[in-house]
Amino acid sequence: MAAHVEAINKRPAGKRQAWKDLGAHYKKIRATHLRSLFADDPKRGEQMTAEAVGLYLDYSKNLVTGETIDLLIGLAHESGLEKHIDTMFRGEKINLTEKRAVLHTALRAPRDASVIVDGENVVPKVHAVLDRMADFANRLRSGEWKGHTGKRIRNVVNVGIGGSDLGPVMAYEALRHYAEPAMTFRFVSNVDGTDFAEAVRDLDPSETLFIVSSKTFTTLETMTNAQTARAWSLAGLGNDEKSIAKHFVAVSTNAPEVAKFGIDTANMFEFWDWVGGRYSMSSAIGLSTMVAIGPDNFREMLSGLHQMDEHFRTAPFERNLPVLMGLLAVWYNDFFDAQTVAVLPYEQYLKRFPAYLQQLTMESNGKHVTLNGKKVAHQTGPIYWGEPGTNGQHSFYQLIHQGTRLIPCDFIAFAQPLNPVGRHHDILIANVCAQAEALAFGKTAEQVEAEGTPKWLVPHRVFEGNRPSNTILAEKLTPEILGKLVALYEHSVFTQGAIWGIDSFDQWGVELGKVLAQRIIPELESEAEPTLAHDSSTNNLIRRYRRLKENA
């Protein structure tokens with residue numbers, strides 16, 4: 001086992017003294033209401049805040065006292081969080097089960113930085129790929145790059161799945177305000193044929209370029225969609241195999257497979273095994289993002305990511321935004337038994353941000369054993385979910401306000417709108433403030449009665465309050481701010497994983513279903529009735545599918 005793991009994880013999280021102290025502290029304060037906490041400390045709303053690199057975090061509406069924060073920070077120290085952070089940024093192989101470094105931070109390091117992996121400074125290679133990406137993006141955006149028939153490329157379709165899709169589609173939607181208006185961008189990930197059919201329904205093959213994103217160029221879903229895209233493109237371009245090189249580029253490390261597909265390997269953009277898929281949007285996986293918003297805006301996003309990286313690496317824990325958010329997540333997950341976290345961006349452009357965070361958080365920390373292979377004795381990753389405000393207010397907020405489950409919330413808001421329209425933005429921000437206030441303080445039976453509500457109706461109109469939330473406020477959604485938000489959550493996830501003593505960077509849980517699918521595919525497709533050796537349910541479903549398929 002790696003020496004740094006032995007040094008950091010001497011005891012399971014639940015056996016640490018700080019964990020025990022937090023358990024005792026929880027019993028003391030669990031019945032305390034936010035109404036009392038604010039009444040006892042008139043400056044709480046000003047003091048329980050932290051600000052860095054253009055993001056302002058108000059965590060005062062959490063079920064914590066100053067003592068809670070001190071104990072949580074003590075847990076971080078006892079868990080060796082400083083050492084965890086140092087080993088990641090130093091390029092040690094902290095992805096233990098895959099024996100890989102974890103260096104998405106190197107993807108946004110400045111040119112003059114040095115990040116050593118296996119004795120080599122990887123930063124020059126990172127910037128060489130970024131420069132190639134920028135050259136390609138500029139040629140495509142300017143019209144210099146032409147399709148097979150000499151027409152300008154007006155449509156870009158990104159083909160990927162998981163981190164090769166969720167990052168690019170989230171970033172494109174988030175930064176759509178900055179995107180080239182003369183170009184159309186689509187994203188295909190689902191192996192369901194409908195996803196591809198709808199993506200290309202109104203596109204002209206002679207004006208369409210596909211970016212196929214797959215590290216190995218063998219991922220089943222991605223390559224199935226890529227082969228369908230290839231056939232669609234060829235059918236529209238006279239079945240000339242030479243056209244592929246003008247209408248397909250690759251983000252991959254497998255040059256032989258890329259060439260076999262028909263893509264010129266000069267148009268293959270590389271990334272490395274120390275980049276995890278869900279952390280890869282700032283690598284060549286972000287090529288579609290760079291084409292959409294331009295190289296300058298893409299580099300602004302990288303700058304935002306790097307600024308948050310440096311804040312996380314150097315700031316004291318009591319002022320460290322990702323550390324505070326990560327510790328609060330542990331507090332609710334493991335002491336209040338909160339099973340989910342709602343992420344509620346009050347910015348329509350961030351509509352895909354909660355979906356992006358689902359992979360980032362749940363694929364990272366959905367683990368049942370520690371780094372040394374022992375079963376965890378506590379809960380690990382909570383379920384992340386959400387929708388943009390104010391839409392969510394008219395659907396699931398009812399459960400958050402008056403339901404029986406405790407659901408911590410992250411509100412994300414911006415002081416300046418990208419599309420100012422009358423009073424819209426003031427109304428939007430009023431709702432952010434109002435929802436956080438209502439969740440925290442609720443409405444007592446006495447207040448409801450004072451409004452003249454009939455006694456029988458009073459219980460239905462009571463809001464218990466004491467529902468915790470963070471509010472993250474920034475000036476405006478820019479590429480730089482988006483980078484900071486992404487890195488904020490990346491490092492919050494890292495903090496949680498370090499406390500729990502798990503490997504936040506492998507994802508073996510996605511493998512078993514893939515292996516079984518490869519076994520089942522020929523059983524669904526064979527002309528002869530297959531001999532099945534699954535459980536009775538799976539066997540029955542396969543047989544029923546085959547019968548229904550024959551009726552088509």
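Student: What length does helix α18 reach from its first C-alpha to its last?
Tutor: This is a predicted model, where local features need pLDDT of at least 70, side-chain atom pairs count only at pLDDT 80 or more, and totals for chains, interfaces and linings use all residues. Residues are numbered from 1 along each chain as its sequence is written, and side-chain values use heavy atoms, leaving out hydrogens and water. Helix α18 (a DSSP run of H or I, at least four residues) covers 424–441, which is 18 residues. The expected span, 1.5 Å times one less than the number of residues, is 26 Å, and the helix comes close to that, reaching 26 Å.

Student: Where on α18 do its buried residues lie?
Tutor: Buried means under 20% relative accessible area with a 1.4 Å probe, protein chains only. In α18 the buried residues are His425, Leu428, Asn431, Val432, Gln435, Ala436, Leu439 and Ala440. Taking directions from the helix axis to the C-beta atoms, they fall within an arc of 155 degrees, so they line one face of the helix.

Student: Which element gives the most to the lining of the largest cavity?
Tutor: A cavity is a set of points on a 1 Å grid over the protein atoms alone where a 1.4 Å probe fits but cannot get out; lining residues have an atom within 4 Å of a point. The largest cavity is lined by 20 residues, with Ala329, Tyr332, Val341, Pro408 and Asp410 nearest its centre. Elements giving two or more residues include β10 (340–345) and α21 (479–500). The most, 5 residues, come from α15.

Conventions:
1 Å grid on protein atoms, 1.4 Å probe; cavity = no way out; pocket = protein on both sides within 12 Å on 5 of 7 lines; lining within 4 Å. Buried < 20%, exposed > 50% of the residue type's maximum accessible area, 1.4 Å probe, protein only.
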